[in-house]
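Subject: Structure for your review

Dear colleague,

Please find the structure below, together with its sequence.

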Amino acid sequence: MSAKEKGEKIGGLKVTPDKFLPHRYAGASGDFNPIHIDKEFAQMVGLPSTILHGLYVMGLVAKAATDEAGGDPRALKRLSVQFRGMSMPETEIEVSGEVIEADGSDVTFDLIAAQGENQVIRNATADVSYP
Amino acid sequence: MALKTDAVGKSWPAYEYEVGREKIREYAQVIGLDDPVYFDEKAAKEAGFRGIVAPPMFVVVYTAGAMGPVLFDPEVEMNFAAMVHGGQEFQWGEPVISGDLISTTTTCKDIYPKDGKGFYVFETESKNQNGDLVCKATWTNIVRGIEE
């Protein structure tokens, strides 16, 4: 009997980062690339406006996977993602996915982080260990 | 500009980062993590940690100083203005605890062209003061507009 069944849907983490989230994430992470915090710079390089840090969105994917496995940070063993689009502050991000492998307490999720139809992170795989 | 691959196999000197509890709290707050193990010493110890524990993705904080100089290394010669973060993988080992001294080494694993883009693959290995592996990471950066 596995902690989860293959094909089982998981997720439902929904977060709407506020306008100044990229500024706080820049401070917390040390990544001050101006495309995340300077609207004029972002527009000068062809972006609609400032965009979220990809690793912030990956942080949400990590949270969703960890929460699913009970919330203990030791549960998350591996996380691999591909960044496929840009994401904006003040728009809801939803992390969802399903179980693709289940072997006792060891479970692998396939996850997506999306803003509406825009899949910002896809092919995310997370290996977790249920307590 | 043809893709320069001289840096493949190159390693950079270890970068050391001392983990502070307020930095852990700041990071956890931004991501929206509210488990007390990230904020409260007593709760963390009750959960079996040596002290306040860093969330797994805190790896971006203690490796930033190891990856930053690599991206600007003239031997790598990456066109930073045309670069995007393509992919990322982390494999975690021992938990990182407030007060830990984390040492990270970076190696350039591969540089290769594909579909008019340059792919730059770096690996970081982070160990704590006891020599335990805390995280191994693969960073893939993509630079648009190269000649093959």
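I begin with a hairpin: in the one formed by β3(A) and β4(A), two residues lie between the strands, and A:Gly104 adopts a positive phi near 65°. The model is predicted, so to speak of local features a pLDDT of at least 70 is needed, side-chain atom pairs count only at pLDDT 80 or more, and totals for chains, interfaces and linings use all residues. Residues are numbered from 1 along each chain as its sequence is written, chains are lettered from A and ligands numbered from 1 in the order in which they are written, and side-chain values use heavy atoms, with hydrogens and water left out.

Strands β3(A) and β4(A) (residues 106-115) pair in the antiparallel sense over nine bridges, where pairing requires at least two bridges found by DSSP. Within this pair, A:Ser96 stands opposite A:Ile112 of β4(A). Strand β3(A) (residues 93-103) is also joined to β1(A) (residues 9-15), again antiparallel, by six bridges; there A:Leu13 has A:Val95 as its bridge partner.

Chain A as a whole contains three helices and five strands, in the sequence order β-α-α-α-β-β-β-β. Both are DSSP runs numbered from the N terminus: helices are H or I of at least four residues, and strands are E of at least two. Of the 131 residues in this chain, 47% are buried, that is, under 20% relative accessible area with a 1.4 Å probe and protein chains only.

Leaving aside residues up to four places away in sequence, A:Phe109 touches several residues, among them A:Ile10, A:Ala65, A:Val99 and A:Tyr130; contact means heavy atoms within 4.5 Å.

Between the chains, the axes of α1(A) (residues 21-29) and α1(B) (residues 21-31) come within 9 Å and cross at roughly 155°. Axes are lines fitted to C-alpha atoms over the stretch in contact, with angles from 0 to 180 degrees between N-to-C directions. The two helices α1(A) and α1(B) are therefore roughly antiparallel, a term for angles over 145 degrees. Residues making the contact include A:Tyr25 and A:Ala28 of α1(A) and B:Tyr27 and B:Ile31 of α1(B).

Yours sincerely

Technical notes. Angles under 35 degrees count as roughly parallel, over 145 as roughly antiparallel, 65 to 115 as roughly perpendicular and the rest as oblique. Buried means under 20% relative accessible area, exposed over 50%, partly exposed in between (1.4 Å probe, protein chains only).
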